[in-house]
Amino acid sequence: MSLGKFIVIEGIEGAGKSSAIEVVKRILAENNIEFISTREPGGTPLAESLRDIVKSAEHNEVLTQETELLLMYAARSQLLANRILPALNSGKWVIGDRHDLSSRAYQGGGRQFDDQVMDVVADVTLKGFKPDLTLYLDITPEQGLSRAQARGELDRIELEKIEFFHRVRDKYCEIAANDQTIITIDASDEMTLVHKNIRQQLAIFISENMETH
Ligand code: TMP
């Protein structure tokens, strides 16, 4: 049985991840590719409990940056072992709503953890595992956050100041510029244009990987 492929959608709040994921699901279905979808942090019962902790703005004590970092990776470890790897090993493709690049951008960029610290935690958790394709939806924090605010109440991380999101975006862009498996999509465009772009990129990826799925 051949291995499935892991496709991840990334971007700051308000970049349009959810609708992009629906487009990716539709395209895989049109190509008769079996898949599962996951989200991070979360995606298993235990990892979803960790998600509740990191997203809640209502703790009675300060949630330290170190705890936040480690909870992200704890959730990722659960998801990788219990859902992502079993699916890929059975030949299914996996669509990820966020993965390690989010930690690099939010904890590495936003919280300013050193690259070396990030590398160590990532190595312990992932042991070299990485997505086959990442679609990074790029948008300015001003545009993204105004969309996120229009959606309703903000979670603990969404309540950060705009400078935090500028550091997150800068880190996304820096990493994307140096990794050929990450494709940057301009998410400030009209939605139909963004989705058309995603379709084009996925068509190329699927045709390159058709014989292996
Ligand atoms: P979302 O998936 O609804 O966007 O919420 C997840 C939040 O958690 C979002 O603000 C990004 C943040 N996050 C990190 O800070 N680090 C991570 O590694 C992941 C996966 C998410």
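Student: Which residue is the bridge partner of Val8 in β3?
Tutor: In this predicted model, Val8 has Gly96 as its bridge partner in β3.

Student: What makes β1 and β3 a pair of strands?
Tutor: Two strands pair if DSSP finds at least two bridges between them. β1 and β3 are joined over 4 bridges, in the parallel sense, so by the cut-off of at least two bridges they pair.

Student: How do you know that β2 pairs with β3, and β1 with β4?
Tutor: The same cut-off of at least two bridges applies. Between β2 and β3, which run parallel, there are 5 bridges, and Arg39 stands opposite Asp97 in β3. Strand β1 (residues 6–10) pairs with strand β4 (residues 133–138) over 4 bridges, in the parallel sense, with Ile7 opposite Leu133 in β4.

Student: What is the strand order of the open sheet?
Tutor: The open sheet has 5 strands in the order β2-β3-β1-β4-β5, with parallel pairing.

Student: Why do β2 and β5 stand at the edges?
Tutor: β2 (35–39) and β5 (182–186) each have a single partner strand, so one side of each is left without a neighbour in the sheet. Neighbouring strands here are turned by 20 degrees against each other on average, direction ignored.

Student: Why is β3 described as largely enclosed?
Tutor: Because 5 of the 5 residues of β3 are buried, the rest of the structure largely encloses this strand. Trp93, Ile95 and Asp97 point one way, while Val94 and Gly96 point the other way. Helix α1 (residues 17–30) lies across β1, β2, β3 (93–97) and β4, and runs at about 170 degrees to β3.

Student: Why is the pair of Trp93 and Phe205 called edge-to-face?
Tutor: A search of the whole structure finds 6 aromatic pairs. For Trp93 and Phe205, the ring centres are 5.8 Å apart and the planes are at 80 degrees. Trp93 belongs to strand β3 and Phe205 to helix α8 (residues 191–209), so the pair ties together parts that are 112 residues apart in sequence.

Student: How do you know that Trp93 and Phe205 are buried?
Tutor: Buried means under 20% relative accessible area. Trp93 has 0% relative accessibility and Phe205 has a relative accessible area of 8%, so both count as buried.

Student: What makes the pair of Tyr136 and Tyr172 stacked?
Tutor: Their rings are 4.6 Å apart, centre to centre, with 20 degrees between the planes. Planes under 30 degrees apart count as stacked. Tyr136 lies in strand β4 and Tyr172 in helix α7 (residues 162–177), so parts that are 36 residues apart in sequence are tied together. Both residues also belong to one aromatic cluster with Tyr106, Phe164 and Phe165.

Student: How do you know that Arg76 sits over the ring of Tyr73?
Tutor: Arg76 lies over the face of Tyr73, at 4.8 Å from the ring centre, and the distance cut-off is within 6 Å.

Student: What makes helix α4 mostly covered?
Tutor: In helix α4 (residues 100–110), 11 of its 11 residues are buried, among them Asp100, Arg104 and Tyr106. What covers them includes β1, α3 (65–89), α5 (115–126), β4, α7 and β5. After α4 comes Gln112, whose phi is positive, near 65 degrees.

Methods. Residues are numbered from 1 along each chain as its sequence is written. This is a predicted model: local features need pLDDT of at least 70, side-chain atom pairs count only at pLDDT 80 or more; totals for chains, interfaces and linings use all residues. Side-chain values use heavy atoms; hydrogens and water are left out. Helices (H or I, at least four residues) and strands (E, at least two) are DSSP runs, numbered from the N terminus. Axes are lines fitted to C-alpha atoms, for helices over the stretch in contact, and angles run from 0 to 180 degrees between N-to-C directions. Contact means heavy atoms within 4.5 Å. Buried means under 20% relative accessible area, exposed over 50%, partly exposed in between (1.4 Å probe, protein chains only). Rings of Phe, Tyr and Trp (its six-membered ring) pair if their centres lie within 6.5 Å; planes under 30 degrees apart count as stacked, over 60 as edge-to-face and the rest as tilted. A charge sits over a ring if NZ of Lys or CZ of Arg is within 6 Å of the ring centre and within 35 degrees of the ring normal.
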